[in-house]
Amino acid sequence: MTTAGGIVDRVMSDGQGSGTSKTSTSVATSTTPEESRALLGGEPPEGWQRHVQCGPVGWKAALAALGAFAVAGLVAAGIAALVSSSARALPKKVRGGSFDALPSDMAPPMPSRGIAFVAAETRGAPLLGAPASRFEQSFRSQVVNIGVGKTWTGYRMKVELFAAYLRSRMAMVGYEEPGQVEQELVVFVDGADVFYGGCSPSAFQAAYAEISAKSGASIIFSAEVVCGEQNCDRVPAIPHWAARISDVKNLDSGFWKKYELGCNGTWTNLIVNGTPCAEERDCGYWATCSVPPAVKFLNSGVIVGPIKDLSDMMEWTLRNYARFSVWGDQSVFSQYWLDNPDKVTLDYTGELVLSLSDMSHDILKISERDSGKITNQAFGHLQCLIHGNGRGRYLLQELVRNVTSLSLEQARGF
């Protein structure tokens with residue numbers, strides 16, 4: 001997905017070898033059961049047919065009514081069940097997501113919410129799910145790759161594939177416990193450059209719960225220091241709740257100076273096609289930042305939220321893609337965020353994900369090489385996800401090599 005890394009990111013990060021292609025493709029809304037299984041990442045769990053037969057209609061009637069999306073939805077439900085914990089209450093979060101530091105017998109229980117990690121990578125296995133990343137072992141969950149067998153046609157394709165995945169899950173409303181499908185969390189990640197930093201599943205879900213509760217928004221995007229593919233003049237200041245989460249009071253007034261590396265002035269006097277770049281929503285290539293620098297701009301490399309809310313946003317994104325897209329999906333998502341601050345917020349403190357473009361190498365430290373644990377030095381917590389977007393690709397390459405003894409290409413297989 002495009003980021004403030006601009007052309008560098010569009011070609012190097014997740015462009016799937018197609019540069020800035022905007023070609024649209026339509027994803028079929030009905031597939032064979034075999035294709036649906038491929039979309040959701042594997043065979044259904046044992047007992048799934050009995051589950052459907054106990055519903056309000058028989059299995060054959062359900063398949064006829066819902067088509068292959070129902071089949072795909074059941075598989076996703078099985079995947080989510082594998083990572084869902086017992087229905088114990090969500091514990092109060094330890095500052096900085098530091099549940100990982102607790103002894104195993106003191107660690108809080110895994111929240112009861114199901115969670116699925118999804119990517120749309122057409123070239124091979126997503127980096128997050130690669131064996132070298134240790135993510136699937138730690139989270140006991142496979143990354144569902146909905147890009148398998150697809151031919152890359154442009155950034156809109158990711159939106160179409162993800163929207164289709166979410167529809168398939170929403171088709172199962174009424175066949176599972178009330179509210180279970182709608183509230184299941186989905187994490188949509190860039191396939192080529194999102195790496196695992198070593199946090200626990202409990203820490204991840206607790207961080208999401210706190211950000212959502214403090215902000216009032218259910219959808220959380222990664223944030224970055226450079227303004228790209230959004231109207232920089234409309235971007236709000238970092239909210240007070242982010243300072244309360246991090247115990248850092250100056251997130252918007254100088255905190256990030258020691259960590260930013262690539263900022264190149266502001267967007268105020270930058271003219272693109274005869275228009276200020278902020279109005280064109282096209283300032284990212286020039287690495288324009290706020291003054292002082294602050295991590296407060298939307299990046300679409302990682303998106304977290306409940307299925308229903310994500311589905312509503314993705315359908316809006318498809319309807320408005322041609323109207324708002326500058327280079328890719330990020331410009332459309334940014335518009336939705338700025339228009340719906342009650343529904344969407346950003347991960348201002350990197351609790352869930354840290355975007356590396358135009359950040360100093362000092363921001364991260366490998367704390368335990370053998371276990372692949374990486375510490376966010378700005379806030380002193382174990383980093384969950386790391387997005388090597390744009391010019392942050394070089395830092396990502398270094399981290400992957402030092403943690404896995406493999407090159408980035410070797411680690412992900414392409």
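**Reading the chain**

Modeller: Let us begin with contacts, meaning heavy atoms within 4.5 Å: among those in the chain between residues at least 6 apart in sequence, 79% join residues at least 24 apart. This is a predicted model, in which local features need pLDDT of at least 70 and side-chain atom pairs count only at pLDDT 80 or more, while totals for chains, interfaces and linings use all residues. Residues are numbered from 1 along each chain as its sequence is written, and side-chain values use heavy atoms, with hydrogens and water left out.

Colleague: How many helices and strands are there in the chain?

Modeller: Helices (H or I, at least four residues) and strands (E, at least two) are taken as DSSP runs and numbered from the N terminus; the chain has 16 helices and 14 strands. A residue is called buried under 20% relative accessible area, exposed over 50% and partly exposed in between, using a 1.4 Å probe and protein chains only, and buried residues account for 60% of the 414 residues.

Colleague: How should I read a salt bridge, and how many does a search of the whole structure find?

Modeller: Side chains of opposite charge can pair when their charged atoms come close. The criterion is a side-chain nitrogen of Lys or Arg within 4 Å of a carboxyl oxygen of Asp or Glu, and the search of the whole structure gives 11 salt bridges. One of them joins Lys-158 and Asp-190, at 3.7 Å from N to O. This pair links distant parts of the chain, 32 residues apart, with Lys-158 in helix α7 (residues 155-170) and Asp-190 in the loop between β3 (185-189) and β4 (194-196).

Colleague: Are Lys-158 and Asp-190 buried or exposed?

Modeller: Lys-158 has 2% relative accessibility and therefore counts as buried, and Asp-190, with a relative accessible area of 1%, is buried as well. For another case, take Arg-167 and Glu-315, whose closest N and O atoms are 2.7 Å apart in a salt bridge. Here Arg-167 in helix α7 is linked to Glu-315 in helix α12 across 148 residues of the chain. Arg-167 is partly exposed at 27% relative accessibility, and Glu-315 is partly exposed with a relative accessible area of 22%.

Colleague: Which residue forms a salt bridge with Lys-214?

Modeller: That partner is Glu-210, with the closest N and O atoms 3.1 Å apart. Both residues lie in helix α9 (residues 201-215), 4 residues apart, which is about one turn of the helix.

Colleague: At what angle do the axes of α12 and α14 cross?

Modeller: Axes are lines fitted to C-alpha atoms, for helices over the stretch in contact, and angles run from 0 to 180 degrees between N-to-C directions. The axes of α12 (residues 307-319) and α14 (residues 329-339) come within 10 Å and cross at roughly 120°. Angles under 35 degrees count as roughly parallel, over 145 as roughly antiparallel, 65 to 115 as roughly perpendicular and the rest as oblique, so α12 and α14 are oblique to each other.

Colleague: Which residues of α12 and α14 meet?

Modeller: Met-313, Met-314, Trp-316 and Thr-317 in α12 meet Val-332, Phe-333, Gln-335 and Tyr-336 in α14. Trp-316 is buried, at a relative accessible area of 17%. Apart from neighbours within four places in sequence, Trp-316 contacts Phe-324, Val-332, Gln-335 and Tyr-336.
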